[in-house]
Amino acid sequence: MFDLFKRWRQRRRAEDDDAAEELASHLAIEAAGQKERGITAKEASSAARRDLGNLTGLREQIYEQWRWTPLETFAADFRFGLRLLRKTPVWSTIVVTTLIFGIALTTAAFSLFYSLLLQPLPYPEGDRLVTIWTAAPKSGYPRMNATPANWRDWQEQNRSFTGIGIVKPSMNYNLTGVGEPERVRGAKISANLLPVLGVRPFLGRIFTAGEVDRDAPVAIVGHGLWRRRFGSDPKIVGSKIGLNNRPTEVIGIMPDGFAFPTREFELWTPAYIEPETFRARMDADYQAIARLKPEWTLARAQSEMSAIMRRIASDNADQLAWLGPQDIALEPLLTTTVTEARRPLTILMAAVFGLLAVACLNTGVLLSLRAGSREREIALRSALGAQPSRLAYQLFGEIVPLALAAAVGGTLASVVLLRVATAYLPVNFPRTEAIGVHWPVLFFALGLSITVLLAVGLLPALNAFRRNENEALMQSSRSVAGGAGTRRALVVAQLAMSTVLLLGDGLLLHSLANLLRVHPGFATEHALTMHMIVSRVKYSGDAEAAAYLERVVRRVDEIPGVLAAGIANRLPFAGTAQTGPIEFEDRLELGPIDTDWRSATPGYFRSIGIPLRRGRLLSASDRGNTLRCGLIDDQLAARVFGRADATGHRFRMAAGKFHGPWTTVVGVVGHIRNDGPGSDARPQMYLPETQRMQDRAALVVRTVGDPAKFLGAVKEAIRKENSDQAVYDVRSMRQWLDYNLETRTLMATLLAGFGVAALALACLGLYAVVADRARQRTREFGIRIALGATGARVASTVLGEAGVLVLAGLVTGLLLSTVLLRLITSLLFGITPNDQVTLLSVPVFLAAAAFVAALVPALRAAKTDPAESLRAE
Amino acid sequence: MGEEKLEILQGTLDLLILQVLQWGPQHGHGIGQSIRMRSDELLQVESGSLYPALHRLGRDGYLRSEWGVTENNQRAKFYSLTKAGKQRLVSEESKWKLFVRTVGRVLRSQE
């Protein structure tokens, strides 16, 4: 590249030398001619020189003739632009920094957006993978996981797929053996799942169908776990590890980057399904993933599967009728994976683009102002014959070094920004392992920079076209620079955009505050939580396992400072799990009611702060062989029994043909919001662990003072009871609640940052425009002050002008918001997009900031010295 | 030199240059001389405008140039018409004649 450039320069220089020689030869001939008239050689040559005229000028003119290549003019403009930038370092720094900021932010956001939402799945022909959901809308389940029975029938009857695999994602394993016991997240998979996905272990092999059918103790280990725990030792394949105290043979290691279903899963075991589960058509805990056959479309597969499902429902009406009409919903696997992240990311992108727009507008204003200050120079050149197009090109070319610096700086900054951002993403964000800088993103950055260049350079260039030479040359104080109207419009646009961003953020913040204020039904402070998985190898019988949990709780209870301790199988806000219908013996006509099923130890309710309303809590005397008893919450009691006492009545779990044992209500407890502070979906029902043992145990410890101080003691107590017990997901209750709101908090924070940044830029633009205008009217102010006006009057004039702009910006912003903010309605809690608090506070905040920005030029105007201003031109 | 010198417009200069070169290659000085001579010194050809014009015509492809030697053994750059230059000469000449006729008609109509 540079080589071409050098050669070009050399050629031009050679041409110039040639022209010089040509002119010299002309002089020689002319001098010779003059000499024939009989004057001296010296006089002849000077006469020749006089005749020819300005030699250098001629050379320049000749040079100009050959110059008409856009490249050369562009290079000159570029150099000029660079000089201009160097002359005003503060201005240049502001503009370049603003642009770098805008481009970096937008590119990083798009990088996230692309990596998470648009990038194809890392499986071969990943776009042919679909999730098979069952839909049973009548029974309140618009989306259901697959039951093994359905899976078997789908496999037998379908023609659309090359294979359907299933995965049960929520398996927790205690990994024991070398070192600390560790909880590892694993998934149970069918033998054909990995082939359906199209991936193989890079060491070892996959499960055989036989191994799955007999629940063989084998496992496939993930790359991260292999590296972290086993030191990347290939000899681990074939050796045994301890999973929940069951010696398990490692048969394969997955390649790096394989993260299925999410990057939290590090282990895969065979999905052994008992024949009874098939027969009863129960256990809708599996995700079914299928690969479309090459020629099949999704629509075609969808209609086939719907027909199959209808057939299955009618063939098994006795077992499935309770669900109502069922259908199949096919969803591309990519969509399934990223659904949760889609909305926040889209909003993030929109906000970032808004900020970028403000940054560009601001730069446009500043550039336009600078062009305005060069009005006279440009007018002069125009009067001397420069074509308007030539001027426009020149102004445009001067922008290029600016935009180049912004483009390069912005792209580099975006890489850094991305790395930082990834560290702060909520843990449960999908596909975070896929984040990186990809080619589409780089092209995007390039396209963005070019667009920014055009947007920002166009304004002063356009102004150059519409120049009125006379006015500009005169430059009276009343003359309005050609761009002033446009500049004001730009400032208004910036203010409007800032208003939208701040309003959106205000709504999100208000929603967040509302959510934090919601009382979820249990105590949020002074409690420590942690999770354990009970090893069924070590405690094989239900009674043994329940007794183990009781012993653990007792040990923890004995710690000084612990007020109460208890265990339940799920904490509140742990997601929707373990839900199902129950029916009441004396109120069968009500039909089955969807509830959360929980198993708990007696101390749980005190430790988590769920109050007792009636009757008694679960107690230590409820054993496996005593009366089957349970608790229901007050919401359920009121719904089923009204004011009457619910205790003594009986209920049972009832899903289709499956029925649990009849259980007697012995107490009514307070209702909690299980799914989250923002939703109140279902009532709860509690059974004693001794009567319904669950492997998963969430320990809640109520403490005096700071719960974190008790962590060591609690862990020690557990270890004393069972040194192999792995403990994971340790948080104080407060932290647990905050974790639940993490995404929201992040979004509100980011949007606040964007809004404030946009406002800062808008105020900068406002300041620049107002100051410029005030400067132009210096003479007028001087006269007015000389004639007796107070400084305050003059200042208020300036402020008044600024006020008009702010008002216009606010109104435009509010109008825009009524349309745009409707899009985030689903994220709001407890308020509508017309929330009064936000609608009031944001404009006030914005007006205050703008007031401060306009104050400086206003005060300066008020102090105008009449004598000086009249002296100045 | 009491008579007024006629000023030359740029477009006309091009035509004159092309016309002069019709008779064969010539260097810049010589072209200027020719024009001056043929107009009996009435047409002022500033050397200052001649050379840029020559280069412009060269850039536009109507002339080609070559270093050579004059009768006086002076090294000089000689210009000659290209094929495009010859065509340009014809078209410019006819345009000029039309111009003259039209202006003349307008002037006569005022008599």
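Predicted model: local features only at pLDDT ≥ 70, side-chain atom pairs only at ≥ 80, totals over all residues.
1. Salt bridges in general. Over all chains, the count of salt bridges comes to 45. The next points look at some of these in chain A, beginning with a pair that lies in two loops.

2. A bridge between two loops. The side chains of A:R536 and A:D695 form a salt bridge, with a distance of 3.3 Å from N to O. A:R536 sits in the loop between β12 (527-533) and α19 (542-557) of chain A, and A:D695 sits in the loop between β21 (684-688) and β22 (696-703) of chain A, so the pair ties together parts that are 159 residues apart in sequence. A:R536 is partly exposed, at a relative accessible area of 26%. A:D695 is also partly exposed, and its value is 35%.

3. A bridge between two helices. Which residue forms a salt bridge with A:E721? The partner is A:R551, and the closest N and O atoms are 2.7 Å apart. A:E721 belongs to helix α22 (residues 711-721) of chain A and A:R551 to helix α19 of chain A, so this pair joins parts that are 170 residues apart in sequence. A:E721 counts as buried because its relative accessibility is 17%, and buried means under 20%. A:R551, at 30% relative accessibility, counts as partly exposed.

4. A bridge inside one helix. A:R719 and A:E716 also form a salt bridge, and their closest N and O atoms are 3.0 Å apart. Both residues are in helix α22 of chain A; they are three residues apart, so about one helical turn separates them. A:R719 is partly exposed, with a relative accessible area of 41%. For A:E716 the relative accessible area is 32%, and this residue is partly exposed as well.

5. A network. Salt bridges can also link several residues into a group. Here A:R773, A:R777, A:E780, A:R784 and A:E801 are linked in a network of salt bridges.

6. A buried charge without a bridge. A:D835 is found in the loop between α26 (791-820) and α27 (836-862) of chain A. Is A:D835 buried or exposed? A:D835 is buried, yet it has no salt bridge. The nearest side chain of opposite charge is that of A:R517, 9.0 Å away. A salt bridge needs the nitrogen and the carboxyl oxygen to be within 4 Å. Leaving aside neighbours within four places in sequence, A:D835 is in contact with A:L507 and A:H510.

7. A positive patch on the surface. A:R9, A:R13, A:R79, A:R83, A:R86 and A:K87 gather in a surface patch of positive charge. The elements that give two or more residues to this patch are α1 (2-35) and α4 (70-87) of chain A. How many residues make up the largest share of the positive patch, and where do they come from? The largest share is four residues, and these come from α4(A). A:R83 is partly exposed, with a relative accessible area of 47%.

8. A:V437, A:W439, A:L442, A:F443, A:L446, A:I450 and A:L454 make a nonpolar surface patch of about 730 Å². Among these residues, A:I450 is placed in helix α16 (residues 439-465) of chain A. A:I450 is partly exposed, at a relative accessible area of 46%.

9. A contact across the sequence. A:L417 lies in helix α15 (residues 388-424) of chain A. The residue counts as partly exposed, at 32% relative accessibility. Which residues is A:L417 in contact with, leaving aside its neighbours within four places in sequence? They are A:A104, A:L105 and A:A108. A:L417 and A:A104 are 313 residues apart along the chain, while their C-alpha atoms are separated by 7.4 Å.

10. A loop residue in chain B. B:D60 is placed in the loop between α3 (47-59) and β2 (63-69) of chain B. B:D60 is partly exposed, with a relative accessible area of 38%. B:D60 and B:F99 are 39 residues apart along the chain, and 23 Å separates their C-alpha atoms.

How values were computed: Residues numbered from 1 in each chain as written. Chains lettered and ligands numbered in written order. Heavy atoms only, no water. Patch = residues over 30% accessible without salt bridge, like charges linked within 9 Å, V, L, I, M, F, W, Y side chains within 5 Å. Areas by Shrake-Rupley, 256 points an atom, 1.4 Å probe, with all protein chains shown as cover. Lys, Arg positive; Asp, Glu negative; His and termini not counted. Charge placed at Lys NZ, Arg CZ, Asp CG, Glu CD. Buried < 20%, exposed > 50% of the residue type's maximum accessible area, 1.4 Å probe, protein only. Contact = heavy atoms within 4.5 Å.
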